[in-house]
Amino acid sequence: MNGKSILILGAGAIGGEVARLGKAFRMTAIGVNRSGNPVQHIDRLYGLSI
């Protein structure tokens with residue numbers, strides 16, 4: 001899984017934990033959340049603009 005990416009939809013507390021676990025496998029974490037506010041362990045974060 002080294003070098004792969006993981007996409008997390010709903011990057012809140014649980015999504016941040018999933019990203020942290022992905023980091024153990026040296027994965028790149030990409031997250032999407034409503035606010036666009038930073039989440040720990042997420043490498044790239046995108047907010048929803050509705």
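Let's start with the packing of helix α1: its buried residues pack against β1 (5-9) and β2. Keep in mind, everyone, that this is a predicted model.

So who sits on that buried side? In α1, the buried residues are Gly15, Gly16, Ala19 and Gly22. Around the axis they span an arc of only 115°, which places them on the same side of α1. Turn to the face pointing away from that buried side, and you find the exposed residues Ala13 and Ile14.

Now, on to the charged pairs. How many salt bridges does the count come to? The count comes to two.

Here is one of them: Glu17 forms a salt bridge with Arg20, and their closest N and O atoms lie 2.6 Å apart. Both residues belong to helix α1 (residues 13-23), and because they are three residues apart, about one helical turn separates them. As for accessibility, Glu17 is partly exposed, with a relative accessible area of 37%, and Arg20 is partly exposed with a value of 37%.

The other pair is Asp43 with Lys23, a salt bridge whose closest N and O atoms are 2.4 Å apart. This one links distant parts of the chain: Asp43 lies in the loop between β2 (28-33) and β3 (44-47), while Lys23 lies in helix α1, 20 residues apart. Asp43 counts as partly exposed, at 43% relative accessibility, and Lys23 is partly exposed too, with a relative accessible area of 29%.

Key:
Residues numbered from 1 in each chain as written. Predicted model: local features only at pLDDT ≥ 70, side-chain atom pairs only at ≥ 80, totals over all residues. Heavy atoms only, no water. Salt bridge = Lys/Arg side-chain N within 4 Å of Asp/Glu carboxyl O. Helix = DSSP H or I, 4+ residues; strand = E, 2+ residues; numbered from the N terminus. Buried < 20%, exposed > 50% of the residue type's maximum accessible area, 1.4 Å probe, protein only. Arc of directions from axis to C-beta. Contact = heavy atoms within 4.5 Å.
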